[in-house]
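Biologist: Hi, could you bring up the model and walk me through it? I'm new to this one.

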Amino acid sequence: MLFMVEMTVNIPHDMPAEVAADIKAREKQYSQDLQRAGKWPHIWRVVGQYRNVSIFDVQDNEELHNLLSGLPLFPYMDIQVTALCRHPSAI
Ligand SMILES: O=C(O)CC1=CCC(=O)O1
């Protein structure tokens, strides 16, 4: 199942820089592991915002929920999920 996931990151301004850097490094590793596994085939930065648009390819809603809730930045994100299916005009 394909999902479009929009993640907006809101790191608290009073978070120490080294704590934020550690979370971001773990987020990058987590994301790249899922990209290599084919679960997260697209991640795009939304220009001018601390926000991404991603495509996830997972078995079901539960797998997506588990992957998203495991993101190191999850406590600092607003996440919107949109289920996708193939467009009839797609070639
Ligand atoms: O920077 C972001 O958009 C948040 C994020 C998700 C995966 C990653 O590496 O960073």
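Modeller: Happy to! Let's begin at one residue: Leu34 touches Lys39, Trp40 and Leu67, leaving out residues up to four places away in sequence. Touching here is contact, where two C-beta atoms, placed from the backbone, lie within 7 Å.

Biologist: Before we go on, what kind of model is this?

Modeller: This is a predicted model, where local features need pLDDT of at least 70 and side-chain atom pairs count only at pLDDT 80 or more, while totals for chains, interfaces and linings use all residues. Residues are numbered from 1 along each chain as its sequence is written.

Biologist: Back to Leu34, then. Which residues make up the largest nonpolar core?

Modeller: Leu34 belongs to that core, together with Val5, Met7, Trp40 and Phe56. A nonpolar core is a set of buried Ala, Val, Leu, Ile, Met, Phe, Trp, Tyr and Cys residues joined through C-beta atoms within 7 Å. Buried means that 20 or more other C-beta atoms lie within 10 Å of a residue's own, with C-beta atoms placed from the backbone.

Biologist: And how much of the protein is buried?

Modeller: Buried residues account for 5% of the 91 residues.

Biologist: Switching topic: what pattern does the protein follow along the sequence?

Modeller: The pattern reads β-α-β-β-α-β, with two helices and four strands. Those are DSSP runs numbered from the N terminus, with helices (H or I) of at least four residues and strands (E) of at least two.

Biologist: Which strand does β2 pair with?

Modeller: Strand β2 (residues 42-45) pairs with strand β3 (residues 51-57) in the antiparallel sense, over four bridges. To count as a pair, two strands need at least two bridges found by DSSP.

Biologist: Nice. Which residues are around the ligand?

Modeller: They are Met7, Val9, Glu27, Lys28, Ser31, Asn52 and Leu73.

Biologist: Last one: what does UniProt place at residues 1-89?

Modeller: The unreviewed UniProt entry has the feature "domain: Muconolactone isomerase" there, and such annotations may be inferred rather than shown by experiment. Over residues 1-89 the chain is 33% helix and 30% strand.

Key. Near = placed C-beta within 6 Å. Buried ≥ 20, exposed ≤ 12 C-beta atoms within 10 Å, placed from the backbone.
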